[in-house]
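Biologist: I would like to learn how to read the helix packing in this model. Please give the general idea for each feature and then the case at hand.

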Amino acid sequence: MTYTALCTLLALGDDLSRVNRKGIVTALKHLQKPDGSFASTASGTENDMRFVYCACAISTLLNDWSGVDIDRAVNYIVNSTAFDHAFGQGPYQEAHGGSTYCAIASLALMGKLDAIGFQVWCIHLQIYTLFLLMFTSTHTHTRAGPHQERCSGSPSRSFIQLCG
């Protein structure tokens, strides 16, 4: 919610001067788990790649990274790499477009794209994108059911922009 609130304030033209930056940064410190991920709340109901991204975005918006242990966050992201070079919500989880976007964007915000060999990663993405285009253009999908790999298309377009 903090990420969304800050984005909303900025969209409305606020300069964030009245935001309790110290309180937010302190909260981030408490929300980071030993594995490098971030919990969604203090009660710790969920922790995964989405909240790593939120923590990185918040730190960028506030221009204060003191609430994030960057090395642990990078380690969590790297450990969430799947066999296909995409990223899951956490280690040993299935990769998909949304979590891959969160992982790559987080690394970019932290200035740590080199942790995954980003140039090589972009080559894998280009191959994956060709595969995706080939199968979606022939209406053949790699996963059966109502969620036939459609969830990967939009994030893949964003990655192409990141790769230049």
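**Reading the model**

Modeller: Ser59 is located in helix H3. Helices (H or I, at least four residues) and strands (E, at least two) are DSSP runs, numbered from the N terminus. The model is predicted: local features need pLDDT of at least 70 and side-chain atom pairs count only at pLDDT 80 or more, while totals for chains, interfaces and linings use all residues. Residues are numbered from 1 along each chain as its sequence is written, and side-chain values use heavy atoms, without hydrogens or water.

Biologist: Does Ser59 count as buried or exposed?

Modeller: Buried means under 20% relative accessible area, exposed over 50%, and partly exposed in between (1.4 Å probe, protein chains only). Ser59 has a relative accessibility of 0%, so it is buried. Contact means heavy atoms within 4.5 Å. Setting aside residues up to four places away in sequence, Ser59 touches Leu28, Asp64, Trp65 and Val68.

Biologist: How many helices and strands does the protein chain have?

Modeller: The chain has 7 helices and 2 strands. Along the sequence they run α-α-β-β-α-α-α-α-α. Of the 164 residues, 37% are buried. Taking contacts between residues at least 6 apart in sequence, 58% join residues at least 24 apart.

Biologist: At what angle do the axes of H2 and H3 cross?

Modeller: Axes are lines fitted to C-alpha atoms, for helices over the stretch in contact, and angles run from 0 to 180 degrees between N-to-C directions. The axes of H2 and H3 cross at roughly 155 degrees and come within 11 Å. The two helices are therefore roughly antiparallel. On this scale, angles under 35 degrees are roughly parallel, over 145 roughly antiparallel, 65 to 115 roughly perpendicular and the rest oblique.

Biologist: Is the crossing of H2 and H3 left-handed or right-handed?

Modeller: A crossing is left-handed if the near helix is turned anticlockwise from the far one by less than a right angle, and right-handed if clockwise. H2 and H3 form a left-handed crossing.

Biologist: Which residues in H2 and H3 meet?

Modeller: H2 brings Arg21, Ile24, Val25 and Leu28, and H3 brings Ala55, Ile58, Ser59 and Leu62. By type, this contact has 6 nonpolar residues, 1 polar and 1 charged. Ala, Val, Leu, Ile, Met, Phe, Trp, Tyr, Cys and Pro count as nonpolar, Asp, Glu, Lys and Arg as charged, and the others, Gly among them, as polar.

Biologist: How do H3 and H5 pack?

Modeller: H3 (residues 49–62) and H5 (residues 97–110) have axes 9 Å apart, at an angle of about 30 degrees. H3 is therefore roughly parallel to H5. On the H3 side the contact is made by Met49, Arg50, Val52, Tyr53, Cys56, Ala57 and Thr60, and on the H5 side by Ser99, Cys102, Ala103, Ala105, Ser106, Leu109 and Met110. These residues divide into 10 nonpolar, 3 polar and 1 charged. The crossing of H3 past H5 is left-handed.

Biologist: What does Tyr53 touch?

Modeller: Not counting residues up to four places away in sequence, Tyr53 touches Tyr3, Cys102, Ala105, Ser106 and Leu109. Tyr53 is part of H3 and, at 16% relative accessibility, is buried. Its C-alpha atom is 7.0 Å from that of Ala105, which is 52 residues away along the chain. Ser106 sits in H5 and is buried at 0%. Beyond four places in sequence, Ser106 contacts Val52, Tyr53, Cys56 and Ile77.

Biologist: Which residues in the largest nonpolar core touch the most other members?

Modeller: A nonpolar core is a set of buried Ala, Val, Leu, Ile, Met, Phe, Trp, Tyr and Cys residues joined through side-chain atoms within 4.5 Å. The largest one holds 34 residues, and Phe38, Leu62 and Ile77 touch the most other members. Elements giving two or more residues to this core are H2 (21–31), S1 (38–39), H3, H4 (70–79), H5 and H6 (118–137). H3 gives the most, with 9 residues. Leaving out neighbours within four places, Leu62 contacts Leu6, Leu16, Val19, Arg21, Ile24 and Val25.

Biologist: What is the phi of Asn63?

Modeller: Most residues other than glycine have a negative phi. Asn63 has a positive value, near 55 degrees. Asn63 is in the loop between H3 and H4 and is exposed at 69%. His85 also has a positive phi, of about 70 degrees, without being a glycine. His85 is in the loop between H4 and H5 and is partly exposed at 34%.
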